[in-house]
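Please look over the sequence and the structure before going on to the points below.

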Amino acid sequence: MVKAQICFSFIILLYISSVGNYMRVNAQAPGQGSWCVAKPGTPIEQLVKNLHYVCSNSEIHCEVVSKGGTCYDPINLYNSASVAMNLYYQNQGRHYSKCDFEGSGIITVTDPSCGCCIYEFYK
């Protein structure tokens, strides 16, 4: 019984000493890429808002999702917004906070590129 109390006390001490000392863990393998895409089910209004936000940034070149671009698809707004969101995420150094987009972005480690529409990836 004494051993159990000591063990339990030790666990409580570890918990108390670790409060507020959390560290973000990167679960990616070295050299593995990450891309930002729109979460499935994101409302159209939010996709449009994300697209406009990214493409109004002078540092982001949205030609790829503009008419004539390799990822231009006026029917698939989800794909266009995802490509633009990823351009922003990559441009901002792939910090996970730069893929939030008011909760509508998600980071994937699987390359979402499809056909001639290549999602940028900066090493």
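**Cysteine pairing**

When the bonded cysteines of the protein are numbered in sequence order, they pair as 1-5, 2-3 and 4-6. The model is a predicted one, and a search of the whole structure finds 3 disulfides in it.

**C36 and C99**
- C36 and C99 are joined by a disulfide with an S to S distance of 2.0 Å, and since the torsion about this S-S bond is about 85°, the disulfide is right-handed.
- This pair links distant parts of the chain, 63 residues apart, with C36 in strand β1 (residues 35-38) and C99 in the loop between α3 (77-91) and β2 (105-108).
- C36 and C99 are both buried.

**C55 and C62**
- The sulfur atoms of C55 and C62 lie 2.1 Å apart and form a disulfide, which is left-handed, with -95° about the S-S bond.
- C55 is partly exposed at a relative accessible area of 32%, whereas C62, at 8%, is buried.

**C71 and C117**
- A disulfide with an S to S distance of 2.0 Å connects C71 to C117, and its torsion of about 110° makes it right-handed.
- C71 lies in the loop between α2 (44-55) and α3, while C117 is in the segment after β2, so the pair ties together parts that are 46 residues apart in sequence.
- Both of these cysteines, C71 and C117, are buried.

Definitions and conventions: Residues numbered from 1 in each chain as written. Predicted model: local features only at pLDDT ≥ 70, side-chain atom pairs only at ≥ 80, totals over all residues. Heavy atoms only, no water. Disulfide = S-S within 2.5 Å. Helix = DSSP H or I, 4+ residues; strand = E, 2+ residues; numbered from the N terminus. Buried < 20%, exposed > 50% of the residue type's maximum accessible area, 1.4 Å probe, protein only.
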